[in-house]
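I opened this notebook to keep track of what I looked up, in the order in which I looked it up.

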Amino acid sequence: MEGVGSNLKVVESSRRIRYCDGLLRVLGLLLTLVAAILTGADKETKTIPISVTKTLPTLHIPVTAKWHYMSAFVYFFVSNAIAFSYAAASLVASMAVRTSKDKTGLVVVILDMAIMGLLLSANGAAIAVGILGQYGNSHVQWRKVCNSFGGFCHQMTAAIILSLVGSLVFFWLVAVALLNLHKKSR
């Protein structure tokens, strides 16, 4: 009778881990999708007054801020799109792992780590450019732009926060897989 009870605990624990894994994958999918959409739709146009001299009239020039003007934001967008695509594929693959006994689970965990690293590097690049946009750099005469393009900066900040949470989700996927591996090795 004891053998039946212990097998029941293993099955219950296995179901809980699969449920947690699936939930985290859906969450990672949604977070990276929304981050990519927010980035891809981020654009703001303002009319900036420029005066060349006091004697000439002030020129009003329309200036547009777009995400694809900065290579760090392009990298951020592409990384989130890759993470979204991977999350969708890994969700399907993790469902297939439930019934298979091959090494697919190990490959998925390694790819989870790679996606986490990709997202963290893209977040770091986007944050660095965002800080320059917010505060500028007086040493190289880079002016701050977030005081003029507040909507653009707020939308990009929201995308970065979502992507950071998405990278934490992929971290938790790796942690859950390692805990599962540790439990199986006992």
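The entries below go through these topics one by one.

**Entry 1, the helix H3.** I note at the outset that the model is predicted. I looked up H3, which runs over residues 104-135 and has 32 residues. From its first C-alpha to its last I find that H3 reaches 46 Å, which is close to the 46 Å expected at 1.5 Å a residue. I then asked which residues of H3 are buried. The list consists of Val-108, Val-109, Asp-112, Ile-115, Met-116, Leu-119, Ala-122, Asn-123, Ala-126, Val-129 and Gly-133. As background to that list, I wrote down that an α-helix has 3.6 residues a turn, so residues three or four places apart point the same way. Just after H3, I see that Gly-136 takes a positive phi of about 70°.

I next turned to the second largest pocket, in which about 580 Å³ of space lies. Its lining is made up of 27 residues, and those that lie nearest its centre are Phe-73, Val-129, Gly-133, Val-145 and Phe-152. Two of these names, Val-129 and Gly-133, I had already met among the buried residues of H3. Which elements supply at least two residues of the lining? I find strand S2 (59-66), H3 and helix H4 (150-185), with the largest share, nine residues, coming from H3. By residue class, I recorded that the lining divides into 19 nonpolar, six polar and two charged residues.

I consulted the UniProt entry, which is unreviewed, and its annotation "transmembrane region" covers residues 22-41, 72-93, 105-136 and 156-181. I checked two of these spans against the model. Residues 72-93 are 100% helix and 0% strand, with end C-alpha atoms that lie 31 Å apart. Residues 156-181 are likewise 100% helix and 0% strand, and there the end C-alpha atoms lie 37 Å apart.

I searched the whole structure for disulfides, and the search finds one. The disulfide is formed by Cys-146 and Cys-153, whose sulfur atoms are 2.0 Å apart. I read -85° about the S-S bond, and the link is left-handed. Are these two cysteines buried or exposed? Both Cys-146 and Cys-153 are buried. I also looked up Cys-20, which counts as partly exposed because its relative accessibility is 30%, and partly exposed lies between the cut-offs of under 20% for buried and over 50% for exposed.

Notes. Residues are numbered from 1 along each chain as its sequence is written. This is a predicted model: local features need pLDDT of at least 70, side-chain atom pairs count only at pLDDT 80 or more; totals for chains, interfaces and linings use all residues. Side-chain values use heavy atoms; hydrogens and water are left out. Helices (H or I, at least four residues) and strands (E, at least two) are DSSP runs, numbered from the N terminus. The expected span of a helix is 1.5 Å times one less than its number of residues. Buried means under 20% relative accessible area, exposed over 50%, partly exposed in between (1.4 Å probe, protein chains only). On a 1 Å grid over the protein atoms alone, a cavity is a set of points where a 1.4 Å probe fits but cannot get out, and a pocket is an open set with protein on both sides within 12 Å along at least five of seven lines; lining residues have an atom within 4 Å of a point. Grid points are joined across faces, edges and corners, and a volume is the space filled by probe spheres set on the points. Ala, Val, Leu, Ile, Met, Phe, Trp, Tyr, Cys and Pro count as nonpolar, Asp, Glu, Lys and Arg as charged, and the others, Gly among them, as polar. UniProt positions are given in the numbering used here, feature names are shortened, and annotations may be inferred rather than shown by experiment. A disulfide is a pair of cysteine sulfur atoms within 2.5 Å.
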